[in-house]
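Student: I have a model open on my screen and I'd like to learn how to read it. Can you walk me through it?

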Amino acid sequence: MVRNMFRQSAELGVFWRKLKAFVKTLSLQRQMMENLIIAKARQDALQRKMEDRRLRLQEEANRRFAASGAMTPEEREQRILYTNVLEYEQDHDWPKQWKAKMKKNPDVSLVSNLVSYLLSRSDHPVVKLLRKHQYRVYNRLYPIVSKGLPKSPAMPLRPRHSIHNPLHPETPKRPVRTACSTQSVKSFSTDLISPSRSHNLTPKYEEEEAEDPSEQGTMDRENSFEDLEQFVTQMDWVPPPSSTDDTASDSDLVCDFSVPLERDESHVQELEKRAVKEHLKAVVKDIHIAIDQLLSMCLLSFECLNTASFKDLCLASIEEAFFTPLWSALVALFRKVYVEREQAYETSVKLYSDASPRDIGIPLKLFPQNTGSPQGSYPYGSAIQELKLLIHDRCPQRKLECIVRTLRLICACAEDYRCLHEGDTTPKTAAIGADDLLPILSYVALRCQCPQLVSECAALEEFIHEGFLIGEEGYCLTSMQSALAYVESLHTGVAQLPVGKLI
């Protein structure tokens with residue numbers, strides 16, 4: 001009996017412990033359900049608050065972009081972008097602080113700092129739009145530019161499995177000449193990533209396009225800029241082997257249908273050239289649209305920049321940030337289109353590399369008789385060295401400034417040579433005129449020995465804003481293009497030089 005009582009008491013204790021554990025579990029489950037209900041209510045309230053804010057900002061954007069008729073896709077996209085900018089300003093304080101600074105002191109230096117800081121913020125909708133356009137242009141450039149990559153045994157084209165940015169390769173250190181790049185380009189370039197990961201940084205309305213595997217998902221496209229750099233460095237023209245009449249006649253005897261084949265090949269080449277030119281036109285058009293859209297969004301984000309002088313500064317900063325990582329691939333496409341002009345330039349350089357300033361048509365008073373001049377080992381050496389630095393810049397505006405400095409150095413050297421020749425130390429306001437400037441600039445372009453200048457100037461003509469082509473900059477660019485055209489025509493005999501100067 002006593003044993004049964006102890007057994008029942010033990011069983012009752014076990015049952016009681018299980019009951020307490022069960023009650024405790026029910027209590028925990030009840031508390032968890034209550035917490036879930038509270039969290040769900042808070043989440044719903046937060047979503048309603050965010051939706052109310054989105055609708056309020058959308059109404060503000062609709063009032064800003066009110067249209068009488070149906071909206072175009074571009075206007076719809078701009079409205080979405082502006083809504084994203086308003087949402088960003090609701091979550092961040094620095095735009096309000098910068099607007100207050102600009103309202104208090106609208107200074108030029110403050111404008112440059114504002115745009116630099118804006119382009120350094122990788123999460124801002126304007127910077128995301130900038131990256132989206134850069135990736136789109138790069139994806140259009142790569143298939144065409146990389147098609148002609150040379151297969152050299154000394155420089156094999158291998159896949160590059162690295163995390164470095166394909167849109168901003170490391171560039172060699174350029175000679176110290178001008179001020180360093182602005183802070184906006186430095187800070188922005190370090191944030192760029194490979195195109196295959198761009199969908200993580202693009203706005204929400206662009207996620208489906210950015211995640212397209214045909215554009216962003218291949219390893220070759222992601223690690224392609226090293227190959228593009230090799231292609232750009234090897235773009236200099238190599239003259240084809242000369243053919244004689246005997247070899248041509250032998251080929252006619254061996255193969256009767258060689259003429260139709262050559263015609264077919266020439267026709268195919270002509271179609272390829274035409275296709276590349278049309279592709280270049282499309283890329284240039286896309287770049288202009290991208291620059292205009294970026295400038296418009298900057299002015300919408302900061303209305304204080306919507307003045308004539310501030311707008312030019314904003315445009316210059318945007319162009320520098322946009323073109324810097326893309327210029328190598330872009331100029332490679334220009335060189336494919338203008339390869340014949342570069343070949344003509346190089347042929348003239350090889351034939352007339354020893355031509356003296358007098359042979360080019362420069363008056364005797366504008367160059368020294370001895371080569372040991374203060375400007376260098378040959379006449380106008382400082383201008384020649386300055387012009388050689390043009391290809392190291394990656395922004396059209398900076399390249400145009402390099403051309404302007406080249407012409408100013410030419411004028412300074414011409415004045416020095418005139419003073420040495422006439423023995424007059426009194427400076428004059430106009431040392432040379434337009435008739436003397438073009439031969440001197442042609443001599444400088446000839447001694448520069450850089451065929452890429454032809455494509456660089458063609459690209460500048462496409463991308464330099466019209467406002468910069470009215471004054472001194474436009475005159476300098478037009479003079480440089482005329483000088484390059486003269487050098488290209490030297491080997492054809494149109495521009496007569498002494499026969500004894502031929503190599």
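This is a predicted model: local features need pLDDT of at least 70, side-chain atom pairs count only at pLDDT 80 or more; totals for chains, interfaces and linings use all residues.

Student: How many helices and strands does the protein chain have?

Tutor: Helices (H or I, at least four residues) and strands (E, at least two) are DSSP runs, numbered from the N terminus. Here the protein chain has 21 helices and zero strands.

Student: What share of the residues is buried?

Tutor: Buried means under 20% relative accessible area, with a 1.4 Å probe and protein chains only. Of the 503 residues in the protein chain, 40% are buried.

Student: What about contacts along the sequence?

Tutor: Contact means heavy atoms within 4.5 Å. Take the contacts between residues at least 6 apart in sequence: 79% of them join residues at least 24 apart.

Student: Which residues of α21 are buried, and what covers them?

Tutor: Buried residues of α21 include G474, C476, L477, M480 and L484. Their cover includes α15 (339-351), α17 (381-388) and α18 (396-422). Turn to α17, and you find G381, A383, I384, E386 and L387 buried, with α21 among the helices covering them.

Student: At what angle do α14 and α20 cross?

Tutor: Axes are lines fitted to C-alpha atoms, for helices over the stretch in contact, and angles run from 0 to 180 degrees between N-to-C directions. The axes of α14 (residues 327-337) and α20 come within 9 Å and cross at roughly 110°. Since 65 to 115 degrees counts as roughly perpendicular, that describes α14 against α20. On the α14 side, W327, L330, V331, F334 and R335 take part, meeting α20 residues that include A458 and F463.

Student: And which residues join α4 to α13?

Tutor: V108, V111, S112, V115 and L119 of α4 meet F310, L313, C314, S317 and A321 of α13. The axes of α4 (residues 108-120) and α13 (residues 308-323) lie 10 Å apart, at an angle of about 35°.

Key:
Residues are numbered from 1 along each chain as its sequence is written. Side-chain values use heavy atoms; hydrogens and water are left out. Buried means under 20% relative accessible area, exposed over 50%, partly exposed in between (1.4 Å probe, protein chains only). Angles under 35 degrees count as roughly parallel, over 145 as roughly antiparallel, 65 to 115 as roughly perpendicular and the rest as oblique.
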